[in-house]
Amino acid sequence: MSFAASVLTLYPEMFPGPLGLSLAGRALEAGTWSLEAIQIRDFATDRHRNVDDTPAGGGAGMVMRADVLAKAIDHASPPGDARPRLLMSPRGKPLTQARVRELAAGPGAVILCGRFEGVDQRLIDARGLEEVSVGDFILSGGEPAALVLLDAVVRLLPGVMGNAVSGEEESFENGLLEHPHYTRPQEFEGRPIPDVLISGNHRKIAEWRRAEAEKLTRERRPDLLADDPPR
Ligand code: SAH
């Protein structure tokens, strides 16, 4: 069964975008995953096809309407659809490799991309949306966040990455940042490749990589080594 993504957006032209190229693009063509970009505006009911309105209580910006979004979600994800419903949102739980793995093991995802100030809270509550953040910064819309999430998921789908081993050794997969990499030439601007890597001693190489990974993680991301690391 292939991974089915339905993305609800005011800018369906942004999809598949970069996911139409390279590994993800080939997998899309091969049917390893599918992508449906749904125009939210098609579910507006008034003659101006409005999808947003001014915030209750006043203030700047516009809010996406619960009634329009509910129609779009119910069309994309009718009752019985087992896929999780995600809302890309800076208020969400930060996306982790562990959650990416869970999503990749499932049937797909229905992804709502916000715009303006965000979406009416009643829609989030009524449709049980899981808010997902891609980091502590504000994007102008959920689309780039959805592309980030889908990229991370699609590369884990069976057959997408040529060399599956490289996935298991990557940053975050074992709670550590990855060790540094080197390749030819042997010497670059006076900097040689570390001796151990050309020693041919595989046990030593594995030990060196592990030590480098631990050092980097301690320096840059001590939170990953904490007793209760982010999941
Ligand atoms: N007023 C909101 C930000 C709205 S940004 C707030 O302060 O929380 C507009 C839309 O961009 C959001 O609805 C969301 O869908 C998307 N977005 C912005 N930053 C994001 C992030 N870090 N992760 C995921 N989605 C994000």
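**Domain layout and ligand site**

The chain is assigned two domains, domain 1 spanning residues 3-154 and domain 2 spanning residues 170-225. The model is a predicted one. Taken over C-alpha atoms, the centres of domain 1 and domain 2 are 37 Å apart.

**Gln 97**
- Gln 97 belongs to helix H3, which covers residues 97-105.
- A polar contact of 2.9 Å joins the side chain of Gln 97 to the side chain of Glu 173.
- Leaving aside residues up to four places away in sequence, Gln 97 touches Arg 155, Leu 156, Phe 172 and Glu 173.

**Polar atoms around the ligand**
- A polar backbone atom of Met 88 is 2.6 Å from an oxygen atom of the ligand.
- For Gly 135, a polar backbone atom is 3.0 Å from a nitrogen atom of the ligand.
- An oxygen atom of the ligand also has a backbone N or O atom of Gly 141 at 3.5 Å.
- On its own the ligand has 560 Å² of accessible area, and the protein covers 85% of this.

**Shell and pocket**
- The ligand is surrounded by 19 residues, of which Met 88, Gly 114, Gly 135, Phe 137 and Leu 139 are the closest.
- Strand E5 (85-94) and strand E7 (130-133) each contribute at least two residues to this shell.
- With four residues, E5 gives the most to the shell around the ligand.
- The ligand takes up the space of the second largest pocket.

Methods. Residues numbered from 1 in each chain as written. Predicted model: local features only at pLDDT ≥ 70, side-chain atom pairs only at ≥ 80, totals over all residues. Heavy atoms only, no water. Domains from an automatic or database assignment. Polar contact = N/O pair within 3.5 Å; in protein donor to acceptor, adjacent residues only side chain to side chain. Contact = heavy atoms within 4.5 Å. Near = heavy atom within 4 Å. Areas by Shrake-Rupley, 256 points an atom, 1.4 Å probe, with all protein chains shown as cover. 1 Å grid on protein atoms, 1.4 Å probe; cavity = no way out; pocket = protein on both sides within 12 Å on 5 of 7 lines; lining within 4 Å. Sits in = over half its atoms within 2 Å of the grid points.
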